[in-house]
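Please examine the sequence and the three-dimensional structure shown below. The explanation after them is meant to be read alongside both.

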Amino acid sequence: MACSVRLEKTDTIRCIKSCRPNDVNCVLDPVHTISHTVISLPTFREFTRPEEIIFLRAITPTYPANQADIIFDITEGNLRDSFDIIKRYMDGMTVGVVRQVRPIVGPFHAILKLEMNYVMGGVVSHRNIVNVHIFVSEYWF
């Protein structure tokens, strides 16, 4: 995989699959990208409803006939069931919204492994993985 660093509000490292000629195992592996990103959160003093913390925008073809069904999933790191992920449609894009659904008192650290699976005809055509390093401060500010 080739990796690149994109520096914005959060640091992101993204690796994109690049198979060598005749590497059948690489070609057949559905994973297309693996990203690592970091987010810092406060300890929410009054947790009354889910907090939307991450938005995963899925890239889809322009023509609906060729469009895959995109399935978002948290596959690792959600030890206390503190997070969930829901699918939403915003501005013509499919978006996976990760929410904190339970109060977390910091200090706390978790690495959530999120998957975006592109499914066509019941088969995963490709998968993007995002590893989100979540740090919750002990402070509310």
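The following paragraphs treat confidence, the disulfide, the nonpolar patch, the salt bridges and some features of the backbone in turn.

The structure is a predicted model, in which local features need pLDDT of at least 70 and side-chain atom pairs count only at pLDDT 80 or more, while totals for chains, interfaces and linings use all residues. Residues are numbered from 1 along each chain as its sequence is written, and side-chain values use heavy atoms, with hydrogens and water left out. The predictor's confidence in each residue is expressed as pLDDT, on a scale from 0 to 100. For the protein chain the mean pLDDT is 87, and 88% of the residues reach 70 or more. Confidence in this chain is lowest in strand β1 (residues 2-7), where the mean is 50, and highest in β5, where it is 95. The helices (H or I, at least four residues) and strands (E, at least two) named here are DSSP runs, numbered from the N terminus.

A disulfide is a covalent bond between the sulfur atoms of two cysteines; the criterion applied here is a pair of cysteine sulfur atoms within 2.5 Å. A search of the whole structure finds one. The disulfide is formed by C19 and C26, whose sulfur atoms are 2.0 Å apart. Because the torsion about the S-S bond of C19 and C26 is about -80 degrees, this disulfide is left-handed. To describe the setting of a residue, buried means under 20% relative accessible area, exposed over 50%, and partly exposed in between (1.4 Å probe, protein chains only). By these limits C19 is partly exposed, with a relative accessible area of 30%, whereas C26 is buried, at 17%.

Helix α1 spans residues 24-28 and includes V27. Together, V24, V27 and L28 make a nonpolar surface patch of about 310 Å². Patches are made of residues with over 30% relative accessible area and no salt bridge, like charges being joined within 9 Å and nonpolar side chains (Val, Leu, Ile, Met, Phe, Trp, Tyr) within 5 Å. The accessible areas come from the Shrake-Rupley method with a 1.4 Å probe, and for residues only the protein chains shown count as cover. V27 counts as exposed because its relative accessibility is 55%.

Which side chains are joined by salt bridges? Side chains of opposite charge can pair when their charged atoms come close. Here a salt bridge is a side-chain nitrogen of Lys or Arg within 4 Å of a carboxyl oxygen of Asp or Glu, and the count comes to five by this rule. One of them joins R88 and E52, with the closest N and O atoms 2.5 Å apart. R88 belongs to strand β6 (residues 83-90) and E52 to strand β4 (residues 51-58), so this pair ties together parts that are 36 residues apart in sequence. Both ends are partly exposed: R88 has a relative accessible area of 27%, and E52 one of 37%.

In another salt bridge, the side chains of E76 and K113 meet at 3.8 Å, N to O. E76 is in strand β5 (residues 69-76) and K113 in strand β8 (residues 108-120), so the bridge ties together parts that are 37 residues apart in sequence. E76 counts as partly exposed at 48% relative accessibility, as does K113 at 21%. E115 also forms a salt bridge, with R127, their closest N and O atoms lying 3.4 Å apart. Since E115 lies in strand β8 and R127 in strand β9 (residues 123-136), the parts tied together are twelve residues apart in sequence. At 12% relative accessibility, E115 counts as buried.

T37 is buried, with a relative accessible area of 13%.

The loops hold the remaining backbone features discussed here. The loop between β5 and β6 contains D81, which has a positive phi of about 50 degrees although it is not a glycine. D81 is partly exposed, at 48% relative accessible area. In the loop between β6 and β7 lies D91, another residue other than glycine with a positive phi, near 50 degrees. D91 counts as exposed, at 79% relative accessibility. Finally, P107 is placed in the loop between β7 (93-100) and β8, and the peptide bond leading from G106 to P107 is cis, with omega near 5 degrees.
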